[in-house]
Amino acid sequence: MTAAATPAPGTNPDGSPRVHYLNAAYGLKSWLLTRDHKRIALLYLVSVSVFFALGGLMAVLIRMELVTPAGDLFQPDIYNRLFTMHGVLMIFFFLIPGIPAVLGNFLIPLMIGAKDLAFPRINLLSWYLYSIGGAFTLWALLHGGVDTGWTFYTPLSTNYVTTSVITVGVGIFIAGFSSILTGLNFVVTIHRMRAPGLTWFRLPLFVWSHYATALIQILGTPVVAIAILLVAAERTLHVGVFDPKLGGDPVLFQHLFWFYSHPAVYIMILPSMGVVSELIATFARKPIFGYKFVAFASIGIAVLGFLVWGHHMFVAGQSIYAGVVFSVLSMLVAVPSAIKVFNWTATLYKGSISWDTPMLYALGFIGLFTIGGLTGVMLATLGIDAHVHDTYFIIAHFHYIMVGGAIMGYLGGLHFWWPKITGRLYPAFWSRLSALVIFIGFNVTFFPQFILGYLGMPRRYHSYPPEFQVLNVMSSAGATILGLGYLMPLVYFIWSMRYGPKAPANPWGATGLEWQTTSPPPVENFKTQPVVTAPPYTYPAPTPSPGVALGD
Amino acid sequence: MATEAHGTLAHHFDSLEQQKDSAVLGMWTFLVTEILFFGGLFAAYGLYRSLYPEVFRAASHTLSIQLGTFNTVVLIASSLTMALAVRGGQTGKGKLSALFLVLTLILGSTFLVVKGFEYHEKFVEHHVPGATFHFEGPDAVHAQLFFSLYFLMTGLHALHMVVGIALVAYVAKRAAGGAYTPENHNFLEGTGLYWHFVDLVWIFLFPLLYLIGRH
Amino acid sequence: MIPSSPLLPDQASDVARSVDHLMIYALSGLVFFSALIAILVLVFMVKYRRRSADQVGIDVYETNPKSHVLEIVWSVIPLTLLLILFGWGTKVFFDQNRPPADAMQYWVTGRQWMWKIQHPDGHREINELHVPVGRAVRLRMISEDVIHDFFVPAFRIHVDVLPSRYTTYWFKANRTGTFHLFCGQYCGTEHSRMVGHVVVMEPRAYEAWLAGEKTGPSAVASGEELFVAKSCNTCHRPDSSARAPILNGVFGTQASLNDGTKVLVNEDYIRESILNPAAKVVFGYQPIMPTFKGQVSEEELIQLVDYVKSLKAAPTTTAEAPQ
C-alpha cells in the first residue's frame, strides 16, 4: 500500500473522501426522490430489515408456542396467522428482494464500471412498489392477517377462509412487480453497460449470479401474479377456476403457484452463492476454481429450476408418472449446485486464507447449504418425500437453505461490503462472535426439526403429541440463541456508522472494480471511467490510484 | 454530450446509441414478462378446453364471430398505423408520426367500444358468470368456466389496451411537438413494441376463444 | 399407548421398512458428502491460512490440465449416485401407490376437521381406523371441503385428499399396535386437531371388535336404498328400452362417449355422472339425466358408487342404445 504524501484533492486529512454519495445531498427529498442506485440500495436495506424483524418476531412467537405440546399460548386461529405471515413476510418481503435489492443494486454498477443501472427511475419505482406492496401486507397484518399458509392452497384460500386474503394477495402482487422490474433493470444493465474491456468472462461471479437470478425474476414472477389474480377473482366473482363445484380443479392452483415458487427459491439462493464466490476468492486470495463452470452452473440452476415444480406435488394427486419426471429433473438441478460447492472447496486449496468475519459466514454457508441441498435431494426422491412431505423435515430443509444458506450469504456480504457502503469499519471481535453465535443457534434450532419430521410431526401444527416435545424444546432454545445472534450485527453496524474507524478504499485487498473507488464511493461511482484488461480475481489486487486510496 | 434540442442523453449513459439499445432491450424484456403473465391464463384455458371440448365449443359459438373478426382487423390495422408512426419517428417526420399515432388511437378505441358492445351482449344473454348466469345447453357448469376465462382473458387484454391507448396519446402529443429525432425516439419505439405485443396477444385470443370448431 | 421413539417412528409395514432402507442410503450419502466437505474446508482453512500480510494464493486451475477432469469427475459421480437414488426412490414410490388387487376397500371422507371412515361391511368410525394385521387395506378417499391429507407416519406415506375426485391410500400392516393418524395438508383452523389413530389388531381381536361395535348397513346396501329413493332405477333399468345406460357390469369397462372419446368407468366417472351428468354422456344417449348436485352428500355418493360397482352383468343382457 502506498501512502499518499499529502492528501489528494477532495479528501479529508485522514484520507477519506470529502464528498461522497451519502453526504452529497441532504434532506428527506434527496433520499425519497433519489435516482442513485446506492441510495436506493440503502432504502431497501432499511425496508427489508424492518420486514425481517417482523417476520422474526413471528418466528419467536411460533417457537414459544411449540415449547409445549398443547396449544396453550395462542388460539389455533392466531397461530395459523402467525406462521402464514411469517412465511409471507420472510419470503416475499425479505428473501426475494434481499440480496439483489440491497447488495445487487449497490454493487452491480460499481462492479461493471458503470455510473448507475440502465433505468434509475425504474429502480426507484421498484422500491416504491415494494413499499406499497409491503404497506398492503402490513395493513392486512394489523387487521388480523391471513391464515391460509404462505402457499394459499385452494379451495381453502378461495372458498373457506374469511381473512384478508385479497389484501395480502394485492401486496404480494405489487411487490412482485418490484421484483420483475429489478430483474429487468439488471438484465439490461449487465448486457449494455459494462465498462470497456469487461467481457462476459471477466465479470465477477456475483454479477453472473445476479444475471441468472434476474432471468428467473422476469420469467417466473408473472405466473404467480396470475395465480394471485385468479384467487382474487375466485373470491370476489366466484369464477370457478379452482372450485370443483363449479367445474374447476383446485390442483391447477398448485401448478400455477409452484411454477413460480420453485424457481423463486433459486431467486433466494443464487445471489447468496454469488456473494460466497466473491468472499472465497477474496479471503483465499486466489481466483475461484473453475470460474466458467461456476458461471454456467448459475445459468444452469436458473434454467433447470423451471422444470421441477411438480416435486412439491408428488402426493397432491398428480399422476405418479408425472412424479417420476419431476423427480429425475430435480436430481439434475442438484448437480450444478454440487459443482459450485466442490469448486469453492477446491479454491481453498493452496489459498492464502484469512479468517475474517465475511469468510466465516462464507464457510458457514458452504457447510449448511451442503446439508440443506442434500436433504433437498432426499425430498426429490419420491419414496422419501411421500413420507416426509409437509412435515418438519421440509421445514428444516428449506430453513437450512434459506437461513443457513441465503441469510448467511447476505450477512457475509453485508460484512464484506459494509466498509464500501458506509466508509466505516466494524469491530472484528464482535462480528466474528456473531457469526459463531448465529451458526450455533441456527443448528440447534433446525437440526432437531429433521428428526421431528421423519418421526412424523406435520408442519403447521399448533399442538402435537407429547413424544415430540423434547426436540421442540431444543429447537426453541436454539431459536433464542439465533435471535441473539441476529441482534448483534444490528448493534455494531449501527455503532460503526458513527464510531467505527474510517475505511480505506480497499480494506480487504480484494479485486473488483468496486474496490478501485473510494469508501464510500462518489455519486457518479468513479472519477474516471475504468477500463478492464485482466481476468477477475487476479491477485494481488491493483492498488487504487492516489486520490482513491486511504493512507495507512 | 447532451444535445438539448433533439433529446437528451441521460447522465449514466455514455452515448445515445447505448441509451437506445438499453431502452429497446428493456422493452423486449418487459414484453417477455407479459408473455408469461398471459401464459398462466392460457395454461388454465388449455387445461379446461382439453377436458371439456364439447361445452367449450358450444359456449364459443355464442360469441359474435362478426364482431370478433372486425376487431381483429381493426387491431391489425392499428399495428400498421403504429409501425408507420414509428417509421415517422425514425425519419424525423414528427407531424406524420403524430397523425399515424392519432389513427392508432382511434382504431384502438374502436376496438374497446366494440368489446364493450360484446360484453353488453353477454350481459343481456346471462352469460356473465355469477349469480345471474344461465346457459342453454347441457353442462352449464363448464360453460360458466369458459365464460369466466373469456372475461378474464379479454378483460386483462382490454386493460393492456387502455394502458396502450394512454401511452399512444402521450406519445402523439410529444411527436407533434417535435420531441422525437432519428437518433432519439426511444419512448416512441418502446410504445410501438408494446402496442404490437398487445395486438399479438389478441391474435392468439381470437382463434382460441371465437373459432373453436368453426370451419 | 404409542411408544416414543428417539429417531425413528414405528415401522408398521413392509413398505415402511423399504422407505427406511432408502433413507439409510440417502443419509449415508448426505453424511459422507457433508463430512467430506466439512473436513476438507477445515483442513484447508488451517493448512493454508495466511502466513504474511501480502501472501497471495496459488491458482491451480489454469496451470493444471487435470482441472477439467476433476470438474467432470465430481459432476458425474454425484449424478450417478443421484440417479441411483432416483431409481430406487421411484421403485419404492410405486410400491407406496399400487395396492394389490386383493386389498380390502375402505372409504375415507375428510372434512374440516375430522376423518369419517367406512368399513367394507358398513362399520363407521370417526378419527379411528381399525384394521386386521397382515391384510392389504385400500382407502378410497375424498374431501367434503378443502384439500386434506391422510398421513400415517408408521406406514411412511402421505396422500392428499381432494374435493374433486377420489385418491387412494393403501397399506399392509405387519405388526399390531396403535399408530398416529395426522392430517398432513393444512386445512384451516383446527388442522392440528384433525388427528386420530390407526389401530392394527390380530385377526381374532379384529373380529371381536367388529362384533362388539354397532354397525349400520353396508355401503352397498345403503347405496341400493338410495338408488331407489332417488329414482335412479326408473331410467337405469337392465332392459333395452331404458333411456339410460344399463349399469350392470359397467364398472371397469371402457365407455364410448358422444364426442367420440372413451372413458374408463371408474369411481370418479360414476361420481361425476351423478353430480354433472351432461359432462360425459355415453354414446347414443341424450343428456337428459338431471343433476343431483346438492342432493347427495359425499358419503351418499360413496354408497351409490359402491352399489353400482356391485352390479354384475346378467349373462343375457346386452347393453344397447335405443335408436
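1. Basis of the model. The structure is predicted; local features need pLDDT of at least 70, side-chain atom pairs count only at pLDDT 80 or more, and totals for chains, interfaces and linings use all residues. Residues are numbered from 1 along each chain as its sequence is written, while chains are lettered from A and ligands numbered from 1 in the order in which they are written.

2. Confidence. For the complex, the predictor gives an ipTM of 0.90 and a pTM of 0.91. Chain C has a mean pLDDT of 89, with 94% of its residues at 70 or more; pLDDT is the predictor's confidence in each residue, from 0 to 100. Within chain C, strand E6 (residues 148-152) has the highest confidence, at a mean of 97, and helix H2 (residues 60-63) the lowest, at 82. Residues 317-323 of chain C remain under 50 in pLDDT, and the model has 11 contacts beyond four places in sequence for this stretch. Where pLDDT is low, the predicted coordinates should not be read in detail.

3. Overall form of chain C. Chain C contains seven helices and 12 strands; helices (H or I, at least four residues) and strands (E, at least two) are DSSP runs numbered from the N terminus. The radius of gyration of chain C is 28 Å, whereas a compact globule of 323 residues would be near 20 Å. This radius is taken over C-alpha atoms, and the globule rule is 2.2 Å times the number of residues to the power 0.38. Along the principal axes, the C-alpha atoms of chain C fill a box of roughly 100 × 50 × 40 Å.

4. The sheet in chain C. An open, mixed sheet of five strands has the order E4-E10-E9-E6-E7 in chain C; strands pair if DSSP finds at least two bridges between them. Strand E4 (128-132) and strand E7 (157-161) of chain C are the edge strands with a single partner each, so one side of each has no neighbour in the sheet. The average twist from one strand to the next is 20°. E4(C) and strand E10 (residues 196-201) of chain C run parallel and are joined by five bridges. In this region, C:His130 is opposite C:Val199 of E10(C).

5. Interface between chains C and A. Here 72 residues of chain C are in contact with 72 residues of chain A; contact requires C-beta atoms, placed from the backbone, within 7 Å. H3(C) provides the largest share of the chain C side, 17 residues. That side of chain C comprises 40 nonpolar, 22 polar and 10 charged residues. In this classification, Ala, Val, Leu, Ile, Met, Phe, Trp, Tyr, Cys and Pro count as nonpolar, Asp, Glu, Lys and Arg as charged, and the others, Gly among them, as polar.

6. Interface between chains B and C. Seven residues of chain B and five residues of chain C form this contact. On the chain B side, helix H2 (53-60) and helix H5 (140-176) of chain B each give two or more residues.

7. A residue of chain A. A:Tyr211 belongs to helix H8 (residues 205-237) of chain A. A:Tyr211 counts as buried because it has 24 C-beta neighbours inside 10 Å; the burial cut-off is 20 or more other C-beta atoms within 10 Å, with 12 or fewer meaning exposed and values in between partly exposed. Leaving aside residues up to four places away in sequence, A:Tyr211 touches A:Phe186, A:Val187 and A:Ile190.

Note on methods
Contact = placed C-beta atoms within 7 Å. Axes fitted to C-alpha atoms, helices over the stretch in contact; angles between N-to-C directions.
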